[in-house]
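Please open the model in your viewer and keep the selection tool ready. We will go from one selection to the next.

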Amino acid sequence: MRLVIFDIDGTLTPTMNADEGCLVRSCKDVFGFVDIDTDWSHYPHTTDSGIFDDVFTSRIGRPPTEQEILQFRQHFVGLLARVSSEAAFGAVAGAPLLLSRLADSAEHRVALATGAWRDSARLKMASAGLCYDDYPAASSDDAFDRESIIRLSMRRAGERYGECSSTVYVGDGVWDARACRNVGIPFIGVATDGRASRLSEEGAVCVFPDLSDVDLFLSNLYEITNAS
Ligand SMILES: [Mg+2]
């Protein structure tokens, strides 16, 4: 059995812009923080909890309390819910078909490892017609850093599916590529133009513009998981 772990934002759902807008706005609405650096690759941990912790700590001089995290998170997810109710986020092209082909495959199993908080990830997937709770998953609720999130997703997938002979991760960020390198698993990128070449430079074994060429994706996946 071979495990395919997916990132969510920018990989399964085209939600990077909505996410960014709601996060920046929540910083201002809840704590009055403005001028947020939105190059997420600058943060020590590019996850919802990691970014919020870094922004809060650098401005206030101490980490946020549980209550402050909860307050921020509820506001943020409320904003996302409002945005998605105005226009559904939809899915990245090909994502629903690819997930259903993998679910039908005898050889592959799917898990999720997202830097989003779980309720945010659940909402975004539902808005794309996908179900977060169909899969073993780990999220920003579990850890600040993506390496831990990926490792936990692998462990939960093992508990659900049994031992997997190989694992590959599919994501859209340089932080995904770096985390995969640290965890020691191959990384497939989803990106276009300059971002695609950046993912290749960071070690992506291949990069797709989206997930619409399901057959090509699956044949690459077989090659990668056979080699690893
Ligand atoms: Mg992403």
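The model is predicted, so local features need pLDDT of at least 70 and side-chain atom pairs count only at pLDDT 80 or more, while totals for chains, interfaces and linings use all residues.

**Stop 1: the sheet.** Colour by secondary structure; helices (H or I, at least four residues) and strands (E, at least two) are DSSP runs, numbered from the N terminus. Two strands count as paired if DSSP finds at least two bridges between them.

**Stop 2: strand E1.** Select residues 2–6, which make up E1. Strand E2 (residues 108–113) pairs with E1 in the parallel sense over five bridges, and in E2 the bridge partner of Phe6 is Leu112. Strand E4 (residues 166–171) also pairs with E1 in the parallel sense, over five bridges; there, Thr167 stands opposite Leu3. Why is E1 largely enclosed by the rest of the structure? Four of its five residues are buried, meaning 20 or more other C-beta atoms lie within 10 Å of a residue's own, with C-beta atoms placed from the backbone (exposed is 12 or fewer, partly exposed in between).

**Stop 3: Ala157.** Now pick Ala157 in helix H6 (residues 146–161). Ala157 is buried, with 26 other C-beta atoms within 10 Å. Leaving out residues up to four places away in sequence, Ala157 touches Leu3, Arg109, Ala111, Pro136 and Cys164; contact means C-beta atoms, placed from the backbone, within 7 Å.

**Stop 4: helix H7.** Finish with residues 174–183, where the buried residues include Trp175 and Cys180. The buried residues of H7 pack against H6, E4, strand E5 (187–190) and helix H8 (193–201). Just after H7, check Gly184, which has a positive phi of about 90°.

Key. Residues numbered from 1 in each chain as written. Contact = placed C-beta atoms within 7 Å.
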